[in-house]
Amino acid sequence: MSNSSNPGTGTPRGPIDSSRVPRYAGPATFARLPRLDEVGTADVAVVGVPFDSGVSYRPGARFGGNAIREASRLLRPYNPAQDASPFALAQVADGGDIAVNPFNINEAVETVEAAADDLLGTGARLMTLGGDHTIALPLLRSVAKKHGPVALLHFDAHLDTWDTYFGAEYTHGTPFRRAVEEGILDTEALSHVGTRGPLYGKQDLTDDEKMGFGIVTSADVYRRGADEVADQLRQRIGDRPLYISIDIDCLDPAHAPGTGTPEAGGMTSRELLEILRGLASCNLVSADVVEVAPAYDHAEITSVAASHTAYELTTIMSRQIAAARSGGAR
């Protein structure tokens with residue numbers, strides 16, 4: 001197989017053949033895919049951001065990207081839930097990590113934005129592995145430069161629309177307030193999914209609603225089911241360019257113990273994956289999975305859930321890219 005491929009030309013270079021190289025061997029790229037420098041350019045670039053200086057409780061998400069990559073060794077090239085082979089439909093490659101300053105949050109935010117600008121400028125969509133949720137803001141800034149204000153689905157136990165922590169504007173609890181203030185989100189199509197747990201006060205919900213967010217709590221998912229929730233979200237999003245940001249703590253600690261701010265009563269990994277599959281017709285332009293902190297994990301429960309989550313998101317993007325090239329609908 002060729003060592004290089006360009007988006008839209010030739011056959012994409014896929015993962016290492018597990019019948020020749022055992023899954024526990026070989027390079028630790030996402031899903032054992034080629035590195036970006038091996039293929040030149042990619043339709044979907046999987047990139048890590050090893051940064052957790054914006055956390056308010058347990059640190060460790062700086063190690064999340066590599067934990068997700070390690071857990072992704074068991075992913076296979078055909079996705080039966082979406083009836084698609086994502087790595088054959090589009091060139092997906094691992095772009096490595098965006099190295100950021102762990103001692104200066106403002107500089108780190110600028111570095112992530114600049115790196116995302118470069119990658120998006122090649123025509124790639126981004127599948128970013130965090131890192132803490134602070135990184136969503138520079139990623140959204142970059143995506144909005146290309147697409148204009150984007151719809152946002154934010155899967156999280158928390159709102160992440162607080163104003164400041166200890167006077168700091170850039171933390172993992174503030175990215176979406178900043179994004180609304182900067183006009184980079186389409187405020188007609190914003191939703192939190194999976195929220196739950198105590199708040200600082202009812203004003204948190206009032207402020208969040210004023211910004212334009214709708215809320216689907218984890219209890220809503222439980223009572224109404226994944227299909228109904230996905231249908232509601234599709235209607236809210238329409239055909240707008242969509243960014244999906246997934247804090248792994250949207251899952252219950254039973255399904256994701258390895259995270260910094262766990263809350264009881266969350267979604268199951270099955271519910272999360274089924275909702276994402278129900279969004280396959282949406283115009284997904286980039287996504288992230290953040291807040292995996294492997295030091296608190298057990299038996300790779302959290303990183304396995306995160307790797308499958310990234311796989312579903314990558315499949316959606318690959319299907320849309322292939323459909324656009326063939327002149328069909330997304």
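Which helix holds I275?

## Basis of the model

This is a predicted model, in which local features need pLDDT of at least 70 and side-chain atom pairs count only at pLDDT 80 or more, while totals for chains, interfaces and linings use all residues. Residues are numbered from 1 along each chain as its sequence is written, and side-chain values use heavy atoms, with hydrogens and water left out.

I275 is part of helix α10, residues 269-277. Helices (H or I, at least four residues) and strands (E, at least two) are DSSP runs, numbered from the N terminus. I275 has 0% relative accessibility and therefore counts as buried. Buried means under 20% relative accessible area, exposed over 50%, and partly exposed in between, with a 1.4 Å probe and protein chains only.

Contact means heavy atoms within 4.5 Å. Neighbours within four places in sequence aside, the residues in contact with I275 are F155, V193, V221, A226, V229, A230, L233 and M267.

The model has an open sheet of eight strands with parallel pairing, in the order β2-β1-β3-β8-β7-β4-β5-β6. Each of the edge strands, β2 (92-97) and β6 (213-217), has a single partner strand, so one side of each is left without a neighbour in the sheet. On average, neighbouring strands are turned by 15° against each other, direction ignored. Two strands pair if DSSP finds at least two bridges between them.

Helix α2 lies across β1, β2, β3 (125-130) and β8 (283-290), at about 105° to β3. For these angles, axes are lines fitted to C-alpha atoms, for helices over the stretch in contact, and values run from 0 to 180 degrees between N-to-C directions.

## Strand β4

Six of the six residues of β4 (residues 150-155) are buried, so this strand is largely enclosed by the rest of the structure. Five bridges join β4 to β5 (residues 185-195), in parallel, and H154 has H192 as its bridge partner in β5. From β4 the chain passes through helix α6 (residues 175-181) to β5, a right-handed β-α-β crossover. Right-handed means that, with the strands pointing away from the viewer, the path from the first strand over the helix to the second runs clockwise.

β4 also pairs with β7 (residues 241-247), again in the parallel sense and over five bridges. Here L152 has Y243 as its bridge partner.

## Helix α5

Nine of the twelve residues of α5 are buried, so the helix is largely enclosed by the rest of the structure. Among them are A136, L137 and P138. Just after α5, G148 takes a positive phi of about 80°.

## N79 in a loop

N79 lies in the loop between α2 (64-71) and α3 (86-89). Its relative accessibility is 2%, so N79 counts as buried. The side chains of N79 and T315 are joined by a polar contact of 3.2 Å. A polar contact is a pair of N or O atoms within 3.5 Å; within protein, one must be able to donate a hydrogen and the other to accept it, and residues adjacent in sequence count only if both atoms are side-chain atoms.
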